[in-house]
Amino acid sequence: FLDMKFDIVHTQTPFSLGGPALDWAEASGAKIVHTYHTLFTAYVEFYLPWVPKSLMVGLTKMVSRRYCNRCDLIVCPSSEMKRELETYGITHRPIVAIPTGIDLYRFHDANGPKFRRDLGFTPDDRLMLFMGRVSGEKNIAFLVRVLKSLSAEFPKLKLIIAGEGSAKESLRKLARDLGLHDRVLFLGYLQGDNWRDCYAAADLFTFASVTETQGLVVTEAMAAGVPVVAV
């Protein structure tokens, strides 16, 4: 595969595989398009918590700047990310914001009532939903605490967490410690079309990330007709 010649190589991260991909693309004479998704400077404490944050932020910006200045085109999913990258000193290459769209037609036949019945919820249950990677930077613990603060006033309110990730066990413990073990449901990865039905089953989509790469789940929830409350 590495002996093949391509006109364009598209990379997705300036870290891990990004470096070797860039070297290979340059050696093969390909044009390089890079999509910069993530505001890495906001997440450094989750990746390397033992390193001073100011040091990691500076290093992240330096690596990003050097990487992107070697590419032929930088694509990012929002104008906000474009403005952020421009502060890094990425001056050698154009930066273009291209929002990520979704196929609205896929949500037309989502079956929320069936999803609720299959999980044993009653019509009186009120469901908050989070869907996505279950990791520290998603700030899901905040949603669990919100549920606790509302539990007395709304005894039928429950939180569904759909997805997998490294924070799952700590969130289970938090739910137990707050006496919410029967009101926080972990669904893991959803199979087939269940993800669409899960959106449609919720009364409210809740999203607590302080920053997001694209936040497609928010758009998907809206496509399913579900109100969204986000940080």
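## Pockets, a buried threonine and salt bridges

**View A. The lining of the largest pocket has six nonpolar, six polar and three charged residues.** Charged means Asp, Glu, Lys and Arg; nonpolar means Ala, Val, Leu, Ile, Met, Phe, Trp, Tyr, Cys and Pro; the others, Gly among them, are polar. The model is predicted, with local features needing pLDDT of at least 70 and side-chain atom pairs pLDDT 80 or more, while totals for chains, interfaces and linings use all residues. Residues are numbered from 1 along each chain as its sequence is written, and side-chain values use heavy atoms, without hydrogens and water. The largest pocket has a volume of about 310 Å³. Its lining comprises 15 residues, with Ser78, Glu80, Met81, Glu212 and Thr213 closest to the centre. Helix α4 (residues 79–86) contributes three residues, the most to this lining. Helices (H or I, at least four residues) and strands (E, at least two) are DSSP runs numbered from the N terminus. A pocket is an open set of points on a 1 Å grid over the protein atoms alone where a 1.4 Å probe fits, with protein on both sides within 12 Å along at least five of seven lines; lining residues have an atom within 4 Å of a point.

**View B. The second largest pocket holds about 260 Å³ of space.** Of the 16 residues that line the second largest pocket, Arg133, Lys138, Glu212, Thr213 and Gly215 lie nearest its centre. Seven of the lining residues are nonpolar, five polar and four charged.

**View C. Thr35 lies in strand β2 (residues 31–35).** Thr35 counts as buried because its relative accessibility is 8% (buried is under 20%, exposed over 50%, partly exposed in between; 1.4 Å probe, protein chains only). Leaving out residues up to four places away in sequence, Thr35 touches His10, Thr11, Gln12 and Val75 (heavy atoms within 4.5 Å). The side chains of Thr35 and His10 are joined by a polar contact of 2.6 Å.

**View D. Glu137 and Arg133 form a salt bridge, with closest N and O atoms 2.7 Å apart.** A salt bridge places a side-chain nitrogen of Lys or Arg within 4 Å of a carboxyl oxygen of Asp or Glu. Glu137 is buried at 9% relative accessible area, whereas Arg133 is partly exposed at 44%. The structure holds 12 salt bridges.

**View E. Lys114 and Asp118 meet in a salt bridge of 2.7 Å, N to O.** Both residues lie in helix α5 (residues 112–118), four residues apart, about one turn of the helix. Lys114 is partly exposed at 39%, and Asp118 is exposed at 55%.

Terms used:
Polar contact = N/O pair within 3.5 Å; in protein donor to acceptor, adjacent residues only side chain to side chain. Points joined across faces, edges and corners; volume = space filled by probe spheres on them.
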